[in-house]
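Thanks for coming. I will take one structure today and go through its contacts, from salt bridges to rings. Please have the view open while I talk.

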Amino acid sequence: MTSDPAPSSVAVVTVCTPARADHLWSQRRALAAHLPGARHVVVLPERPGSAALAAELSADGADPLEVPAGEDLPVARCRNTGGDRAVGSGAELIIFLDVDCMPGPDLGCRYADLPSDAVGVGPVTYLPESAGAPDPSELAGLTDPHAARPFPEHGVRRLEVDEFGMFWSLSFALHADLWTRIRVEFGGFDEHFTGYGAEDTDFGRRLLYRRVPVVLVAGAHAYHRWHPVSSPPVEHLQDLLRNGAHYAERWGEWPAPGWFEEFGRRGLVRRRGDGWEAVPADRHAEDRRPGIEG
């Protein structure tokens, strides 16, 4: 039997750009229904419109803060900043929730039962396009967790060291004291990762490497709103190459091997030693000439 956390002791940390404001307001409606009174720390990388969104959020009772950002979105720095803000606000439990995820009715109480020394990861349902922006009361009936991560039916299951790939940053939680320890010991998310990709895989791997327990938490459901995606994410290729090289420098292997193999089949990247590099644009043009076999 789980017990509801005291709302004032919970902080939910979300990173959002103005372009994702629609998802953010859906998330806030679900928080009001399922975690009323929780502090909502919304980290806004500086973009056109972020100041106006911050003002709206303040008026709505959230806790927005803007983070300086260059061309590449500093997701790792934003998560670190949000976690630190949550600790500074007096939160005892910190829930990190991606902006396109809506919390289910039991997410807060399931995460509240986490062991004090563990990071918990909850199941995520990817909603179909037809679901639109569901009312929070409808979420439980839409539950259909992503099959790639087999969660226990009850309680928690601790990940083994070689299961670091099962950590995801869409929805995870930990107690404030553990966040503070992680920040002191290895800095939290590695802020050398910018833009899209690898910072969460690296974070999960460093947790397990340093013997911080990571557990899959039954019933801590979140619901990911549909939005267009590409697979593999070609629009993020330069980010993935940069972040992949940084990841490989630490771990001796590249993340997301399936994506890079597909990029290679499409002629966008090629092998360089044990890693990958972009194929120059002029080579793409040559490959499109008549008589060149693809």
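A salt bridge, as I use the term, is a side-chain nitrogen of Lys or Arg within 4 Å of a carboxyl oxygen of Asp or Glu. Before I apply that, the ground rules. This is a predicted model, so local features need pLDDT of at least 70, side-chain atom pairs count only at pLDDT 80 or more, and totals for chains, interfaces and linings use all residues. Residues are numbered from 1 along each chain as its sequence is written, and side-chain values use heavy atoms, with hydrogens and water left out.

Now the salt bridges. The count comes to 21. Take arginine 250 and aspartate 190, whose side chains meet in a salt bridge at 3.1 Å, N to O. Arginine 250 is in helix 7 (residues 237-251), and aspartate 190 is in the loop between helix 5 (176-186) and helix 6 (199-209), so the pair ties together parts 60 residues apart in sequence. Helices here are DSSP runs of H or I with at least four residues, strands are runs of E with at least two, and both are numbered from the N terminus.

For exposure I use three classes: buried is under 20% relative accessible area, exposed is over 50%, and partly exposed is in between, with a 1.4 Å probe and protein chains only. Aspartate 190 has 7% relative accessibility and counts as buried, while arginine 250 is partly exposed at 37%. This pair also belongs to a network of salt bridges that links Asp190, Asp202, Arg206 and Arg250.

A second bridge joins arginine 85 to aspartate 63, at 2.8 Å, N to O. Arginine 85 sits in helix 3 (residues 75-88) and aspartate 63 in strand 3 (residues 63-67), so this bridge connects parts 22 residues apart in sequence. Aspartate 63 is buried, with a relative accessible area of 10%, and arginine 85 is partly exposed at 33%.

How many of the residues of helix 6 are buried? It is 9 of the 11, so helix 6 is largely enclosed by the rest of the structure. The buried residues include Asp202 and Arg206, both in the network, and also Glu199, Phe203 and Leu207. The cover over the buried residues of helix 6 includes helix 3, strand 6 (119-121), strand 9 (171-175), helix 5, strand 10 (214-217) and helix 7. Contact, in this talk, means heavy atoms within 4.5 Å. After helix 6 comes arginine 211, which has a positive phi, near 65°.

Next, the rings. Rings of Phe, Tyr and Trp (its six-membered ring) pair if their centres lie within 6.5 Å; planes under 30 degrees apart count as stacked, over 60 as edge-to-face, and the rest as tilted. A search of the whole structure gives 14 aromatic pairs. One of them is phenylalanine 260 with tryptophan 276, stacked, with 6.0 Å centre to centre and 20° between the planes. Phenylalanine 260 is in helix 8 (residues 257-265) and tryptophan 276 in strand 13 (residues 275-278), 16 residues apart. Both count as buried: phenylalanine 260 at 2% relative accessibility, tryptophan 276 at 13%.

Ring pairs also link Phe96, Phe167, Phe172, Trp179, Phe186, Phe189 and Phe203 into a cluster. Arginine 79 lies over the face of phenylalanine 189, 5.1 Å from the ring centre. The rule for that is CZ of Arg or NZ of Lys within 6 Å of the ring centre and within 35 degrees of the ring normal.

Threonine 17 lies between strand 1 (10-15) and helix 1 (21-34), and counts as buried at 17% relative accessibility. Leaving aside neighbours within four places in sequence, threonine 17 is in contact with Pro45, Leu53 and Leu73.

Last, the whole protein. The secondary structure comes to 9 helices and 13 strands. Of the 294 residues, 50% count as buried. Among contacts between residues at least 6 apart in sequence, 73% join residues at least 24 apart. The C-alpha trace spans about 65 × 40 × 35 Å along its principal axes.
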